[in-house]
Amino acid sequence: MPSLKYQAGDKVMGRWPGSSLYYEVKVLGYDAKSRLYTVIYKDGTELELKEQDIMVLVTSFQQRTRSRSRSNSRSPGRRRSRSRSPARTTRRSSSHSTPSSLILSGFPQADAKVEVDSEKNLGRYNLRRRKEDGDSKAAEAKPEEREERSSAAPPAAAAASTPLDFGGNIGALVLMLFLPAWVLFLVLQVNQKDPSLTNLPTLPPLETFWDPQALGFVIIWIFFQALLYTLPVGKLSEGVLLRSGRRLTYRTNGKTYLITLLVAAAVYQGADLTYIHSHFLQLTSASFLVSMLLSVYLYVRSRSAGLDERALGGNSGKVIYDFFKGRELNPRIKEFDLKFFCEMRPGLIGWVSCLINVAMALAEMKQQKLDAPSYSMILVNVFQLIYVVDGLWNEEAILTTMDLMDDGFGYMLAFGDLVWVPFTYTLQANYLVSHPNPLSLPVLTAIVVLKLVGFYIFRKSNSEKNAFRRNPADPRLSHLKTIPTATGKSLLVSGWWGVVRHPNYLGDLIMALAWSLPCGFSHLLPWYYIIYFLILLVHRDSRDMNACRRKYGSAWDKYCRTVRYRIIPGVY
Ligand SMILES: NC(=O)C1=CN([C@@H]2O[C@H](COP(=O)(O)OP(=O)(O)OC[C@H]3O[C@@H](n4cnc5c(N)ncnc54)[C@H](OP(=O)(O)O)[C@@H]3O)[C@@H](O)[C@H]2O)C=CC1
Ligand SMILES: CC(C)=CCC[C@@H](C)[C@H]1CC=C2C3=C(CC[C@@]21C)[C@@]1(C)CC[C@H](O)C(C)(C)[C@@H]1CC3
């Protein structure tokens with residue numbers, strides 16, 4: 001490569017894709033067509049980088065010399081503080097010719113210009129490779145060592161260059177208009193005697209949508225849940241390490257309150273919950289209003305969030321897209337985490353525990369003049385109750401999901417949590433109120449077995465990944481094979497995560513099937529959930545694949561080669 005800036009064999013600093021972190025890499029070659037350098041990181045990860053993502057390596061000698069001269073000019077106080085905190089970044093000397101990106105020796109500082117602290121940085125980055133991939137414990141570090149190393153993993157600042165999902169601004173705008181319209185369609189359609197596709201509902205007069213009492217109930221419900229969430233009862237759990245270098249704590253007390261609510265509902269049965277069924281449209285529009293106000297609040301406050309507090313995917317600078325996707329990663333009012341609260345409490349608990357689904361069962365009894373809910377209704381209620389109780393029981397596991405780790409909190413999740421989940425995930429129960437579907441015992445048994453199989457796969461796979469991410473050295477996981485990655489984190493390649501790349505989605509989809517089956521095959525409407533869910537999870541899977549490809553580079557490719565299927569073994 002004669003006329004090139006970097007030659008094969010050169011040791012340089014290469015930017016880690018999607019981040020502002022630079023690590024030592026060796027140049028392997030250059031592709032004139034794509035104008036990309038192939039480089040290899042110290043752990044063996046090979047990536048292709050643009051020239052602007054590469055810079056000259058600052059050697060330990062140069063570094064030491066500069067550090068010495070710099071530290072000589074520093075106040076003793078500053079020197080002391082540096083040696084006490086090895087994870088701190090160092091300021092770039094003005095004479096240094098490297099780009100103003102970040103090369104980190106520890107936690108990233110979004111707005112700081114820092115320089116290569118190569119000795120320390122490389123020491124941390126120089127991962128011990130496994131003798132073989134299957135030798136899981138040989139190369140795994142102690143948890144505290146792992147924690148330290150993983151501090152180098154998260155990208156420094158929310159890059160505006162992160163690829164846009166959903167078709168960017170236009171796609172986000174279309175979705176923002178389409179999603180509420182779709183909810184409205186479902187809510188109106190399910191009340192039709194014949195909810196088939198050839199019999200579309202007519203739009204009711206505008207004043208039907210507005211009911212101050214319904215708005216009052218929605219606000220009271222949310223504030224009641226917020227009050228329960230803030231009481232100092234229950235466990236405090238730690239979230240994952242953030243790019244800002246912080247770890248947030250969450251009060252994971254959902255199950256305590258779910259039990260309290262269920263007991264309270266069983267004891268106090270005087271309330272006429274059928275109000276929920278008869279005012280479903282008004283409750284939906286009231287919740288939509290609340291989610292809209294919340295989204296505006298979230299967008300406005302995100303303007304004062306630091307770069308390292310913004311989601312990588314929601315900080316594009318495109319107003320509509322960022323409003324939809326969510327700009328701030330973990331918006332909090334003091335210790336009150338808005339995203340965690342909205343995702344786990346008002347909508348989720350409202351969905352099943354003592355409100356919407358139960359209200360549908362009561363409405364069915366009233367409308368069909370039954371002494372007890374039908375078997376189909378009982379199945380749907382019990383299945384979804386299991387799902388929500390499980391979610392709250394394992395609340396801590398949500399801290400390692402995409403929503404909590406990667407997605408900002410904006411319209412998508414605010415609307416999803418407060419409108420989409422409570423008012424569309426209840427569609428099967430809503431449908432059964434006026435469209436009975438008697439079940440024979442063998443069919444009922446088959447559906448129960450299907451649900452249990454789905455639940456088993458869902459729970460086991462989610463718990464396996466959560467346990468591994470929390471403590472990779474957990475002795476209960478010692479039998480699992482892993483692939484090391486340049487970030488210091490490993491990827492599970494056997495167990496559930498060796499079957500397909502998203503075994504948890506597989507379990508979730510099987511459960512979704514079991515939720516629709518009790519409604520029979522007379523209409524497509526109650527099957528909407530599984531169709532939507534399939535689209536959501538396939539899209540989510542590809543978003544995650546792209547994000548992991550950016551995070552883990554060739555280690556991810558290796559994982560994909562080993563575990564070939566994404567969600568359904570042998571099919572997809
Ligand atoms: N009912 C509903 O409407 C919905 C339910 N869900 C459910 O929520 C749950 C969470 O889903 P979601 O947040 O989308 O995704 P996951 O819980 O699957 O999280 C994906 C992350 O897991 C890590 N990961 C991926 N592969 C591996 C591996 N081989 N070894 C170790 N870690 C790995 C990666 O993060 P990293 O490496 O950074 O840790 C990746 O970004 C699922 O069960 C899903 O079915 C999701 C959406 C909607
Ligand atoms: C179309 C649209 C607006 C999509 C928004 C998607 C949200 C509805 C979902 C994104 C991820 C979710 C999760 C759950 C509910 C649905 C949303 C918010 C979840 C809380 C359900 C209960 C599970 O046990 C779970 C905790 C694993 C799950 C987490 C993801």
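Author: α17 gives the most to the shell around ligand 2, with six residues. The model is predicted: local features need pLDDT of at least 70, side-chain atom pairs count only at pLDDT 80 or more, and totals for chains, interfaces and linings use all residues. Residues are numbered from 1 along each chain as its sequence is written, while chains are lettered from A and ligands numbered from 1 in the order in which they are written.

Two helices, α15 (375-393) and α17 (411-424), each supply at least two residues of this shell. Helices here are DSSP runs of H or I with at least four residues, and numbering starts at the N terminus. In total, 14 residues surround ligand 2. A residue counts as near if its C-beta atom, placed from the backbone, lies within 6 Å of the molecule. The closest are Gly391, Ile398, Asp403, Gly416 and Trp420. By class, the shell holds seven nonpolar, three polar and four charged residues. Ala, Val, Leu, Ile, Met, Phe, Trp, Tyr, Cys and Pro count as nonpolar; Asp, Glu, Lys and Arg count as charged; the others, Gly among them, are polar.

Now the domains. An assignment, automatic or from a database, gives domain 1 (1-126), domain 2 (135-156 + 439-572) and domain 3 (158-437). The centres of domain 2 and domain 3, taken over C-alpha atoms, are 23 Å apart. Their contact takes 35 residues from domain 2 and 35 residues from domain 3. Contact means C-beta atoms, placed from the backbone, within 7 Å. On the domain 2 side, α19 (441-470), α20 (503-516) and α21 (528-552) give two or more residues. α19 gives the most, with 10 residues.

Methods: Two residues are in contact if their C-beta atoms, placed from the backbone, lie within 7 Å.
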